[in-house]
Amino acid sequence: MTVPYLQIDGIRKLYGDVVATDRVDLTIAEGEFMTFLGPSGSGKSTTLYILAGFQDPTAGDIRLRGQSILNTPSHKRNIGMVFQRYTLFPHLSVGENVAFPLRVRRMGSTEIAERVKRALALVRLEGFEDRMPANMSGGQQQRVALARALVYDPPVLLMDEPLSALDKKLREEIQFEIRRIHQETGVTILYVTHDQEEALRLSDRIAIFNKGRIEQVGTGPELYAEPATRFVADFIGDSAFLPGELSDVAGQRTGLRFPDGTRVAAVPLHGQGRAGAKADLMLRPERIELDRAPGPDGATLPVTVEDLTFLGNNTTVSARTAWGAPLTVRLNFGHPLTGQLARGSHLHIRWAPEAAHAFLRE
Ligand code: ADP
Ligand code: MG
């Protein structure tokens, strides 16, 4: 059996009686881009700080190539770190900021100059050595912070919401740079964000954090297609959740009954529950077909159109079921119904069997 590269093993962290992380387990492969995605306060930064050595866990272990690093002080862990806010030394030039970790490591001046040059080239800031941070944009300052974190070739790079202080256009530009740097250097990256689009764009795999725990780990497509919990289904992508109750539970499949008596049949059931338990039918908007005629029995619902928004590549249709639950359907540009719908149109939705999931109400 091969030893995992980086292993987070049962990390628990209490601040007084606040449980910051409950039991975080995760294995990261060498060279992987792993993102921690979750709402504010879900324990992402705490996990990162424990990896960096800024915090000690209450319980659990961190192993790099099988060896615990918990007793290695932060500055000897050789882990690069980039934070949300610009953390450059304001009184030092860009070159001296990037050189700082190398001076701490007592490297010779020729090698320092070479490495600083290379690190600045990596983040596309060639020739910026003599600039002062105050005379640079936020995006440029974050690039300098990235160069400083990478200049000593750390095997692992941690980033805690490094782009959240930047505007959208700049954020996307630097996301692209971070991807390129990951591919060029092969560094293992652990990246924290609360932005699902950023997570999907950057990551090999994503760990979904909720209340100090990881709810699911997977690639973007895996999490999107097979969410393990309602929370994950809600956090990745936007879905309709139609509240109802379980009926006809048979193993991993279930029927659902809605308040007006409408039923749907044989939907994959996540979690365990009996007939009568409160549960939601989840439908991804782009997997819902809208039609004038009902679909197959058990996989169709009548809806009424409430609003239509033309968005170029699609028209977003806001509708309600017969018992008043809201949902959204997207019609691709050129869909035969586009242009034929109006507020108040009565239609039916249907869906492919794999496009629906049932989640127990939490
Ligand atoms: P995230 O990065 O996902 O937003 P954090 O890891 O920062 O979440 O925080 C997780 C929980 O731990 C939150 O409830 C937060 O308030 C609490 N917490 C974090 N750091 C401290 C601290 N130094 N002292 C007390 N509570 C903290
Ligand atoms: Mg945080």
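Start by selecting Leu-14 and looking at what surrounds it: setting aside residues within four places in sequence, Leu-14 is in contact with Val-19 and Thr-58, where contact means heavy atoms within 4.5 Å. You'll find Leu-14 in strand β1, residues 6-15. Leu-14 is partly exposed, because its relative accessible area is 30%; the scale runs from buried (under 20%) through partly exposed to exposed (over 50%), with a 1.4 Å probe and protein chains only.

A quick word on what you have open. This is a predicted model, in which local features need pLDDT of at least 70 and side-chain atom pairs count only at pLDDT 80 or more, while totals for chains, interfaces and linings use all residues. Residues are numbered from 1 along each chain as its sequence is written, chains are lettered from A and ligands numbered from 1 in the order in which they are written, and side-chain values use heavy atoms, with hydrogens and water left out.

**Zoom out**

Show the whole chain as a cartoon. There are eight helices and 20 strands to find, and the C-alpha trace spans about 75 × 45 × 40 Å along its principal axes. Of the 362 residues, 49% count as buried. Take the contacts between residues at least 6 apart in sequence: 66% of them join residues at least 24 apart.

**Ligand 1**

Next, select ligand 1. Which residues are around it? The shell is made up of Tyr-15, Val-18, Ala-20, Pro-39, Ser-40, Gly-41, Ser-42, Gly-43, Lys-44, Ser-45 and Thr-46, counting a residue as near if one of its heavy atoms lies within 4 Å. β2 (18-28) and α1 (44-52) each supply at least two residues of that shell, and α1 gives the most, with three.

Now look for polar contacts, meaning pairs of N or O atoms within 3.5 Å (within protein, one must be able to donate a hydrogen and the other to accept it, and residues adjacent in sequence count only if both atoms are side-chain atoms). A polar side-chain atom of Thr-46 is 2.5 Å from an oxygen atom of the ligand. From the backbone, an N or O atom of Gly-41 comes in at 2.6 Å from a ligand oxygen, and a polar atom of Ser-42 at 3.1 Å from one. On its own, ligand 1 exposes 560 Å², and the protein buries 60% of that.

**Into the cores**

Hide the surface and pick Val-98, Leu-146, Leu-157, Met-159, Ile-178 and Tyr-191. These touch the most other members of the largest nonpolar core, which has 35 residues. A core here is a set of buried Ala, Val, Leu, Ile, Met, Phe, Trp, Tyr and Cys residues joined through side-chain atoms within 4.5 Å. The elements giving two or more residues to this core are α2 (94-104), α3 (109-122), α4, β7 (156-160), α5 (168-185) and β8 (188-193); α4 gives the most, with six.

Centre on Met-159: leaving out neighbours within four places in sequence, its contacts include Leu-48, Val-82, Ile-178 and Tyr-191. A second, separate core of 33 residues includes Leu-256, Leu-301, Val-303 and Ala-356.

Back to α4 (residues 138-150), where you'll find Gln-142. Gln-142 counts as buried because its relative accessibility is 4%.

**A strand with two partners**

Select β14, residues 278-283: five of its six residues are buried. Two strands pair if DSSP finds at least two bridges between them. β14 runs antiparallel to β11 (residues 240-250), joined by six bridges, with Leu-281 as the partner of Leu-242. β14 also pairs in the antiparallel sense with β20 (residues 356-360) over five bridges, and there Ala-279 stands opposite Leu-360.

**Last stop**

Finish at Arg-65, in the loop between β4 (59-64) and β5 (67-68). Its phi is near 50 degrees, a positive value in a residue other than glycine.

How values were computed. Helices (H or I, at least four residues) and strands (E, at least two) are DSSP runs, numbered from the N terminus. Accessible areas come from the Shrake-Rupley method with a 1.4 Å probe; for residues, only the protein chains shown count as cover.
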